[in-house]
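Welcome! Please take a look at the sequence and the model shown here, and then read on for a short tour.

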Amino acid sequence: MRRARVIAIDPTSPDPAAVREVAACLRAGGLVALPTETVYGLAAHALDAQAVARIFAAKGRPATNPLIVHVADAAAAARLAASWPETAALLARRFWPGPLTLVVPRAPMVPDVVTAGGSTVALRVPGHPVALAVLREAGLPLAAPSANLSSAISPTTAQHVLAGLGDRLDRETDLVIDAGPSPGGIESTVIHLGVDPPRLLRPGLVTPAEIEAVIGPVARGAPIEGPAPSPGMMERHYAPRARLEVRTDAAARAKELSDGGARVGWIGFDAPPSSEVLAVILPRDAAAYAARLYGALHHLDDAGVDHVVVAAPPDSDEWLAVRDRLQRASAAPG
Ligand code: TXA
Ligand code: MG
């Protein structure tokens, strides 16, 4: 059941007429699944509380989980903030447009539904030419979570969006843009700048070392005291239907499950132990691995495997975001 209206847009040189159609849809309060350089987002006019409420309804997202607001440039971001710390100015200059989200005190004009009633707002300038063209044409801030059902795997293609949300969007008012795969493959890094020292809330494509090179030391992990952790740090998230295990003994485990009669999927750097196992072999480079990880999980889920065995990636910092997503995908349901 694919009810949503799909519009194809070239990812490198977006057709201005198509971009105008998307902007008009957003101005009218519609929802648009749009490509970013990380994953596809489900966007709405961020200052239109009713439009934003429809995002939560479509995703089945708890109202307690705030949304990232996407803007065309740092000046537009600063207008949505009650204050714009020097750390924000420095990080924006270095990483925007790009996969870094800054959490700062919110301006009063940002609706409660966007921030889940909190005193901060998450802001980012996406690096994808289509997302940027839409933001510039619409002249609006766009609230956009990943375009998946709540707790499901984020979409990196329009096909993933349609499989998850296709029948929850309205043909009359909403749109799905198809601009091919999102190049980054996992969600942006989220950093809280309203605390001292700044705190990494979600690892992503921008690494802690890259951030620390610009603003100095950054705290990591769940805070002992102070602000509640980002709701996106909730344990099970980004989860496939199949049971996922990250193993240092992946080959032995996959063979054991397969010999026991289970349908087994494999994500590893090398070929699986048995031809019975449905394999996705990913690169040894962390960024290239991240770009393909969600596609692999969607693929294995679609194939209906019972278990996914993932060969444990390296312990180094460049794999932090990948290890984070794998850990969430493997957390026990509930
Ligand atoms: O790459 C991305 O960030 C994608 C694309 C579409 O931009 N968006 C995305 O949105 O991943 P979402 O909603 O799936 O994840 C947003 C994360 C959640 O963990 C949420 O809890 C956190 O950002 N967040 C949003 N606003 C926040 C705030 N004011 N304070 C703390 N965390 C916040
Ligand atoms: Mg999400």
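What follows is a walk through the model's confidence, its domains, the surroundings of its ligand and a few backbone details.

This is a predicted model, in which local features need pLDDT of at least 70, side-chain atom pairs count only at pLDDT 80 or more, and totals for chains, interfaces and linings use all residues. Residues are numbered from 1 along each chain as its sequence is written, chains are lettered from A and ligands numbered from 1 in the order in which they are written, and side-chain values use heavy atoms, with hydrogens and water left out.

Let us begin with confidence. The score used is pLDDT, the predictor's confidence in each residue, from 0 to 100. Its mean over the chain is 93, and 93% of the residues reach 70 or more. Residues 224-228 have a pLDDT below 50, and beyond near neighbours in sequence this stretch has two contacts in the model (a contact means heavy atoms within 4.5 Å).

Next come the domains, with bounds from an automatic or database domain assignment. Domain 1 spans 5-220 and domain 2 spans 243-329. Their centres, taken over C-alpha atoms, are 28 Å apart. Where they meet, 19 residues of domain 1 are in contact with 13 residues of domain 2.

Now to ligand 1. There are 25 residues around ligand 1, and those that come nearest are Thr-38, Arg-61, Asn-65, His-70 and Ser-188; a residue is near if one of its heavy atoms lies within 4 Å. By class, this shell has 11 nonpolar, 10 polar and four charged residues. Here Ala, Val, Leu, Ile, Met, Phe, Trp, Tyr, Cys and Pro count as nonpolar, Asp, Glu, Lys and Arg as charged, and the others, Gly among them, as polar.

Which strands each supply at least two residues of the shell? They are β4 (68-70), β6 (120-124) and β10 (199-202), and β6 gives the largest share, four residues. Strands (E, at least two residues) and helices (H or I, at least four) are DSSP runs, numbered from the N terminus.

| Ligand 1 atom | Side chain | Distance |
|---|---|---|
| oxygen | Thr-38 | 2.6 Å |
| oxygen | Asn-65 | 2.7 Å |
| nitrogen | Thr-120 | 3.0 Å |

The protein covers 96% of the 680 Å² of accessible area that ligand 1 has on its own (Shrake-Rupley method, 1.4 Å probe).

Finally, some backbone details. The peptide bond from Trp-96 to Pro-97 is cis, with omega near -5°, and Pro-97 sits in the loop between α4 (86-95) and β5 (100-105). Asp-196 and Pro-197 are also joined by a cis peptide bond, with omega about 0°.

Key: Polar contact = N/O pair within 3.5 Å; in protein donor to acceptor, adjacent residues only side chain to side chain.
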